[in-house]
Amino acid sequence: MKVTFITTVNHNVGDDFVRAGLQYILQQHFKNQKIEFQNIHKHSCITSRYGFEWFRNERYSKYVDKLLPLCITRDRMFDADLIVQSGAPVYWCHSEENNHCAEADWYRDLIVRRYLLRKERIPFLNLAAGTCQRYDSDGSEFIKCMIDAPHIVKLFKLAKVTTLRDALAQKVLKKLGCVAPVIPCSSIFAKDFHQLPDLAKEYVVLNYMSGGAHYRFGQKIDDAQWENNFRALYKNIAKHERVVFSCHNQKEIDEAKKIDASAEIFFSTDYIEYMKFYSKAKFGILNRVHGAFLIASFGKPAFVIGNDTRAKMTEEIGLTSCFVNDATVDVLMEQYDFLQSGADSFTERFAEIKTTAFADYMKALSAV
């Protein structure tokens, strides 16, 4: 059985965590079948073609893919027995920036151009789909949008199964007449796919991003205030704990060194090494939401500071988040004390959440 993932490849370790979790879930659902997993780098859809995995230039690859007839190459979208959209923000609507989920390259080039042209319509699964909006979004912008609202309904109808990873996504779909369950992001099962053990806890993990996340979405973020507050947090914790910065790219390494030029930093190009690193965390305070999910998957709590709705995914696994402008030194230190004390028996609470999440994924996949 060939399962093709619409994902990213060697691009974002968070996507790797999500995909590994889904691989575990699919293995458990299709226990009696041998599964071959394949990946398409969704930011360069020509990688769907065998032999073009190397073509990662986002600007030029889409033009080459458009001009190259599909019939002259083997293609993972036509070769698959099952197609899975793997996690990630799937629903976004930023009309003021003319940025719409309906115009995503992967939907146009993989779903419309390839999937809808298949003679045999195999199941398409949209799993762990989420939003990426302003932190305070109520979803009303989607309902008003004549571009994204019909697209979301169409995508929902195309998918044999849709699961959501945050409450806002469910709220938006519900207002559009679509019903799908919210289940914690599949990244909590990545450790199970790779059979990684729980290890002795050695350090506190911090992750810092200027502005608190990738985007701004017109929000007035006080970068200087966030940097100063985070620096104060770091200095306070470092007096009592071994602190290690988790950096997912070179930009975050540079930003961590601004906080402390001699800080201990972890960075790797291998997502499995990140998983092993997170397995040794006592707890974490991070901007990277999937760093928090990986720490949680090993039974340890984390606190997320962000500026968009991805940060609120943490609610589904019993953790909390905070808007970056509200993350004062007092708030951060209160969270540090809470995490250090066990975060209201988080280990036990998470075990129950994970058991329920697994059952919910199996129930959702029963339609396949």
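Begin the tour by selecting F17, Y203, F266, Y271, Y274, F277 and Y278, which ring pairs link into a cluster. Rings of Phe, Tyr and Trp (its six-membered ring) count as a pair if their centres lie within 6.5 Å; planes under 30 degrees apart are stacked, over 60 edge-to-face, and the rest tilted. The model on screen is predicted: local features need pLDDT of at least 70, side-chain atom pairs count only at pLDDT 80 or more, and totals for chains, interfaces and linings use all residues. Residues are numbered from 1 along each chain as its sequence is written, and side-chain values use heavy atoms, with hydrogens and water left out.

**Aromatic pairs**

The structure holds 26 aromatic pairs. Select F37 and F193 next: their pair is edge-to-face, with 6.3 Å centre to centre and 80° between the planes. F37 lies in strand β2 (residues 36-41) and F193 in helix α8 (residues 190-193), so this pair ties together parts that are 156 residues apart in sequence. Helices (H or I, at least four residues) and strands (E, at least two) are DSSP runs, numbered from the N terminus. F37 counts as partly exposed at 21% relative accessibility, and F193 counts as partly exposed at 21%. In these terms, buried means under 20% relative accessible area, exposed over 50%, and partly exposed in between (1.4 Å probe, protein chains only).

Then move to F277 and Y278, a tilted aromatic pair at 5.4 Å centre to centre and 55° between the planes. F277 is buried, with a relative accessible area of 6%, and Y278 is buried at 0%. I272 counts as partly exposed, at 23% relative accessibility.

**Charges over rings**

Select R76 together with Y50: the charged end of R76 sits over the ring of Y50, 4.3 Å from its centre. The criterion is that NZ of Lys or CZ of Arg is within 6 Å of the ring centre and within 35 degrees of the ring normal. For another case, select K312 and Y135; here the charged end of K312 sits over the Y135 ring, 4.4 Å from its centre.

Contact means heavy atoms within 4.5 Å. T47 is placed in the loop between β2 and α2 (58-67) and is buried, with a relative accessible area of 3%.

**A helix crossing**

Display helix α1 (residues 13-29) and helix α14 (residues 346-365), whose axes come within 10 Å and cross at roughly 60°. Axes are lines fitted to C-alpha atoms, for helices over the stretch in contact, and angles run from 0 to 180 degrees between N-to-C directions. Which residues make the contact? From α1, select Y24, I25, L26, Q28 and H29; from α14, select F358, Y361, M362 and L365.

**Positive phi angles**

Finally, select A88, in the loop between β3 (82-86) and β4 (89-91). A88 has a positive phi of about 80° although it is not a glycine, and A88 is buried at 3% relative accessibility. The last stop is S345, in the loop between α13 (329-340) and α14. Phi of S345 is near 55°, a positive value in a residue other than glycine. S345 is partly exposed, with a relative accessible area of 44%.
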